Amino acid sequence: MKEAEFKAWMAAQGYEGSTISTQLSKVRKLDRHFGNLDKHIDNETIEIIADALRNPDTLPPELGNEGERSHLKTSLKYYRSFAQSQKGAPGKSAGLTVQGVLDAITRCDSFPSVADFVASSEGLGHPHKFWLVFDGKRYPSKAIVRDALARAGFGNLPGGTQSKEMLEKLGFVVIDWIGMKEARDTFLRRMESFTDFQAESGSYWEIERRYKNEVIAEARAAAASPGTDIEAGAAIHRVLSTGRLGLPLGWRTLSEVKGVDAALRDRFHAAVGALARSTADPVAALTSAADEFEALRSEGITGLRRGEVLNIAISVFGTTHPKEASWFKISRIDTMGKKLFGRKLFKSGSTAEDFEEYAKLMRTLLELLDRELAWQPADLFDVQGFVWVAFDDDWNRIKPAEAIDEAVAEEPAVLDGVGCWFVGASYGGKDDQTARFLNDGIWRVDSPTERQSQQVLAMRPGDRIAIKATFVQRANLPFDNKGRHVSVMRIKARGTIRKGSTDGETVHVDWDVGFKSRDWYFYTYQSTIWQITPAKEMSRRLIQFTFADEPQDIDWFLANLQSWKNAPDITVASEEEEPSLNYAAPTNLILYGPPGTGKTFTVMAEAVRLADELPSDDPLLQLERRSDLKQRYNELLGLERVAFITFHQSVAYEDFVEGLRPVQEGDAAGFSLKPRPGIFREMAEAARKSPEQHVLIIDEINRANISKAFGELITLVEADKRLGGANEVRVKLPYSGELFGVPANLHLVGTMNTADRSIALLDTALRRRFEFRELMPRPELLGVVDGIDLRVLLSILNERIEYLFDREHQVGHAYFIDCNSKADLDAVMRHKVIPLLAEYFYEDWGKVAGVLGDADDTDGTFEGGFLDRRQLKAPKSLQSGGEASPRYRWSVRDTYTYDRLQ
């Protein structure tokens, strides 16, 4: 084995000395027992060894005890990664080695300053962007590479980006120092008076670290308890999911795990407990846990998708091993990778490889924060705190430090992830079944709809349930309602579900004996079944009021529901008809850009974000979770909380708002015209009757006549003119004669293809009332396919299009996002890009050729990379007089070459 080189490679990865010594010892044993590992790798027989190590019980004692033998497969993986890095890359990368880089680092250290070392290489200036990080110190990456190559006898002069790629291929880490300084400055702005991570006072301590130390202590105590892995895992999962704000794990998985059968639940908790207690190599421990979580997903815990598996595994392990990992949120880590290291993280699909890269970058930041900035981080949780603060796009919504003490205080046990259901008990609106339900120990829905049956079947043993009745009240209220009607929900009974439903109608309940009814104000719901979670503040307060006997803070509601003061009196005929007060700030948004810029994905993400009230950096909204996002989007469509319509030239008010439609009168031959609501009115009325957020998507919004489609209602979509707004407006609809207003919890999201119509040509009424968000091509999301750099290809295409046409007719990255081979790329160019260019330029193939790099100044036949040009022969009548200008026939080639787009 190449012991010295392997040791140098491990050091380049940022591993501590103890880890390097341990892995060296294990790899030596493998080399002695199986023979020269390098030859096995060269002869491709290394898989035989890997297969043998997967069964540690069959290995001889000379390879260590049972525990040591089980970790040898990880050591072999380290050495294989090292060997792969030593193969180098063709072209300018040849000749650079790990040892050569380390020697260059030593020479740099021997100079009085980095500037002196850089000056020793002719033609180099002081670096600004890319710096090699080694042992917590920064080194000029380009100067290091050139020095190492020169000492090895190579005359290559790679640039900054290529030097970065060469170093990364060898396992080194190169940081974007401009991005790092921006992150540092942002962190210091947000963490006022910050000195270092050791201080036990100030904003960082109060917001980021103190409560994490408490959670770490609780989780470690659970891990150290004498109970089984199942018991420890259940306790740790609960600690990381509930009781505080800012925890890494969510209530959804906790709730789902509670609802599955005992065998699956025990396996999940056992995996969590074993991971938290593990003393194995981090990669081995995390891989084992992730494999078990993946298996549990296929067997019934469907919420354990890729992102959730990583979140649980890394967060659990980090809580009890804070020097090895930390709490984890894939979206924030992804941002860190892109902005500080220019890397796309968690892309391989291998838990081991992905974690190794993540851990390496986190260790690099730990060393930089310690040695470069002298901030004295205690562990990777301080690195995580730095990343979370520096890259939080919603930072302005963070609570001030003085509010954190109250926010992180432990909540009552009612917030432990169980479901909370509020249900009606009045059959037909008059026949109250509450007494019978309490006596029989059940709750039952009368003549359920399909949706209601699904809700009943979703109720699980252990979920909390309350019987409610909803009405409005003006007199005898415990606060000054200024003579206005107030929505009231009376909690008549509460209990715990003992047995779930098998028929979609009935559940068995242990009702709380001696419970006295209580009235709750403002935040109410009139449908028969209402499930809520503590994710929203008003829901959390309702849960605490109902199931933990906390009083309702009326002053808080009056202060936070600002538009209540301006809301008109509310009258209601029955429980099912009473409108709720919804105070979410409405969104009117139009996403616009050229074709293929991700409008379809972004509109799905916006719809899910608005409907589920998710933060903008929620992992579900990331491109890597597209399939999960699509699934949730379809669920919201099925629940009719999201609706979709495509505008076209013929869309009218009668289609969109309401119109008259023929209805046959009984068995008679005639018919009458009756008003029928359009999708806009239907969604508005559904939102008005619900406390949940609703979204109406209007695709191709620019293709319709806006005045013709919205009519007078275009005014009603403005935020202050929504129901409950400061300048609320209601209008009488022309066909039904009913009063109509737009509720604040109906969000409008439109899309617009700028290749069809410029934003400058939009109806001014629309421009005033909607926020416009431009989506342009993002080449950085693409990679290299069979040696073709798609980022360069797309940039060149669009630069030429903008020169020949305009910026609104570019080609989007989405066309290329799924290209994994040259064959895929060829198909996209043939069937999508080239036809699109022909449409853009109105079949002017000379301009199409110019974009593709196939233009030629000469006359005659020409063969390009994508198009062939053949000169047409002029008719005889035009040949003799010299009147014929050259004419060409263009044809698309069968095979493509991409040299002119690189």
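So, histidine 694: at 4% relative accessibility, this one counts as buried, because buried means under 20% relative accessible area, with a 1.4 Å probe and protein chains only. Histidine 694 sits in strand β17, residues 694-699; strands here are DSSP E runs of at least two residues, helices are H or I runs of at least four, and both are numbered from the N terminus. Beyond four places in sequence, histidine 694 is in contact (heavy atoms within 4.5 Å) with Glu640, Arg641, Met683, Ala686, Ala687, Asn745, Leu746 and His747.

Quick caveat: this is a predicted model, so local features need pLDDT of at least 70, side-chain atom pairs count only at pLDDT 80 or more, and totals for chains, interfaces and linings use all residues. Residues are numbered from 1 along each chain as its sequence is written, and side-chain values use heavy atoms, with hydrogens and water left out.

Okay, helices. α16, residues 282-299, packs with α19 at about 135°, axes 9 Å apart; axes are lines fitted to C-alpha atoms over the stretch in contact, and angles run from 0 to 180 degrees between N-to-C directions. On the α16 side you've got Pro282, Val283, Leu286, Thr287 and Ala290, meeting Thr351, Ala352, Phe355 and Glu356 of α19.

Leaving out residues up to four places away in sequence, Phe293 touches Phe268, Ala271, Val272, Leu304, Val309, Ile312 and Ala313.

Notes: Buried < 20%, exposed > 50% of the residue type's maximum accessible area, 1.4 Å probe, protein only.
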